[in-house]
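Reader: I would like to learn how to read helix packing and pockets. Please take me through some cases.

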Amino acid sequence: MCPKNASYYGNRAATLMMLGRFREALGDAQQSVRLDDSFVRGHLREGKCHLSLGNAMAACRSFQRALELDHKNAQAQQEFKNANAVMEYEKIAEVDFEKRDFRKVVFCMDRALEFAPACHRFKILKAECLAMLGRYPEAQFVASDILRMDSTNADALYVRGLCLYYEDCIEKAVQFFVQALRMAPDHEKACLACRNAKALKAKKEDGNKAFKEGNYKLAYELYTEALGIDPNNIKTNAKLYCNRGTVNSKLKKLEDAIEDCTNAVKLDDTYVKAYLRRAQCYMDTEQFEEAVRDYEKVYQTEKTKEHKQLLKNAQLELKKSKRKDYYKILGVDKNASEDEIKKAYRKRALMHHPDRHSGASAEVQKEEEKKFKEVGEAFTILSDPKKKTRYDSGQDLDEEGMNMGDFDANNIFKAFFGGPGGFSFEASGPGNFYFQFG
């Protein structure tokens, strides 16, 4: 009815702004100042729309024009400061993104969005940084909110895919990256992420196949190549480290396996499988305290009967490791037969008998006497089925009259070799000795 009235366009712009429809409001505000360049509120509304949409530089021009028309206008003065603040936050965020200081970028974008609530660019940058920080639900929420308003927004599609990619949902991630590239074929980030996702998926699957076929060397190489594709993909890399650790354990490279599992839990400290794999490697290398610590972590996370038993077994082995190792003292394997134990005792008892070292220094005599007693103690336990069973099961040997301080190494020796009393060693050749009882 009156298409040349600047106030009408200005008023409609104000109502559209109240509805959050800033892009439509911007058109009306611009039309109002085209019709009347002296319309101060029109310039203020144009500047406010520019600022809300994230175009702080254009907003500054509008507010400057309003101040030229009314240099005492308090609203124009404040909004001009706000626009400059947003430009400053943008500059800081750009520098910090290059430095990979994503927390600071999120902080800057939160401050900027207080003045520019409709700026998709700021929201996308914030969401991307949230994804890089591992705050995937927050990043997904921001991206999804944009996609509800604009389902073809390539940046939002990219961020959705990025979150899925970093959560190790690679197939779904690729779908979002492809969709983003349909909307914007030159989207560099989506293109790179899509390429990395496909390469990572292929290498991981090839590694798994080689492992299942028993080709551990090839599996190791493939997992290593996969780890070099994208250092930012924490969850997938944690799994790759754990997989490579499993390969190393199969190759009997237990220390390397432990290192890989440690790298896995550094990336994902909730990764139960990596703790279990490392704990087993600790058990295999007799690092029982470390194994107990890992099994405790697992049991705290998942209180299952299986995990409880694993923890109990590790605690038992730790307890056993702190006692004298009678098998080691005799120099036999834990599965040694009764005959092997006897032969080992014969050899060690003769080797450490005090009479054999009567001409040595007092220090050597003392040490050999100690070893002689330990050999006798070890033989007493391992040659008695009942005591051996208790020892192997980790039970206390001091119970049921098995006080370890009661053993007499000389009596054990006499009982084993026979003879009425002492004996002497005589040389029968270089390095060879025989003994006879007195």
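Reader: At what angle do helix H15 and helix H17 pack, and how far apart are their axes?

Author: This is a predicted model. In it, helix H15 (residues 272–284) packs on helix H17 (residues 305–321) at about 25 degrees. Their axes lie 12 Å apart.

Reader: Are H15 and H17 roughly parallel or roughly perpendicular?

Author: Angles under 35 degrees count as roughly parallel. H15 and H17 are therefore roughly parallel to each other. Their crossing is left-handed.

Reader: Which residues make the contact?

Author: H15 gives Val272, Leu276 and Met283. H17 gives His307, Leu310, Asn313, Ala314 and Glu317. By class, the contact of H15 with H17 has 5 nonpolar, 2 polar and 1 charged residues.

Reader: Now another pair. How do H20 and H21 pack?

Author: Helix H20 (residues 362–382) meets helix H21 (residues 385–392) at an angle of about 100 degrees. Their axes are 6 Å apart. Angles of 65 to 115 degrees count as roughly perpendicular. H20 and H21 are therefore roughly perpendicular to each other.

Reader: What makes up that contact?

Author: From H20 come Thr380, Ile381 and Leu382. From H21 come Lys387, Lys388 and Tyr391. The contact of H20 with H21 divides into 3 nonpolar, 1 polar and 2 charged residues.

Reader: On to pockets. How is empty space found?

Author: A probe the size of a water molecule is rolled over the atoms, and this shows where empty space is left. Here, the largest pocket has a volume of about 390 Å³.

Reader: How many residues line the largest pocket, and which lie nearest its centre?

Author: The lining has 15 residues. Phe97, Arg121, Leu125, Glu128 and Lys189 lie nearest the centre. The elements that give two or more residues to this lining are helix H5 (74–98), helix H7 (120–132) and helix H9 (154–166). By class, the lining holds 7 nonpolar, 1 polar and 7 charged residues.

Reader: How do H5 and H7 pack?

Author: H5 and H7 pack at an angle of about 30 degrees, with axes 13 Å apart. That makes H5 roughly parallel to H7. H5 passes H7 in a left-handed crossing.

Reader: Which residues of H5 and H7 make the contact?

Author: On H5, Val86, Glu90, Ala93 and Phe97 take part. On H7, the residues are Arg121, Phe122, Leu125, Glu128 and Cys129. The contact of H5 with H7 has 6 nonpolar, no polar and 3 charged residues. Phe97 of H5 belongs to this contact, and Phe97 is also among the residues nearest the centre of the largest pocket.

Note on methods
Residues are numbered from 1 along each chain as its sequence is written. This is a predicted model: local features need pLDDT of at least 70, side-chain atom pairs count only at pLDDT 80 or more; totals for chains, interfaces and linings use all residues. Side-chain values use heavy atoms; hydrogens and water are left out. On a 1 Å grid over the protein atoms alone, a cavity is a set of points where a 1.4 Å probe fits but cannot get out, and a pocket is an open set with protein on both sides within 12 Å along at least five of seven lines; lining residues have an atom within 4 Å of a point. Grid points are joined across faces, edges and corners, and a volume is the space filled by probe spheres set on the points. Helices (H or I, at least four residues) and strands (E, at least two) are DSSP runs, numbered from the N terminus. Ala, Val, Leu, Ile, Met, Phe, Trp, Tyr, Cys and Pro count as nonpolar, Asp, Glu, Lys and Arg as charged, and the others, Gly among them, as polar. Axes are lines fitted to C-alpha atoms, for helices over the stretch in contact, and angles run from 0 to 180 degrees between N-to-C directions. Angles under 35 degrees count as roughly parallel, over 145 as roughly antiparallel, 65 to 115 as roughly perpendicular and the rest as oblique. A crossing is left-handed if the near helix is turned anticlockwise from the far one by less than a right angle, and right-handed if clockwise. Contact means heavy atoms within 4.5 Å.
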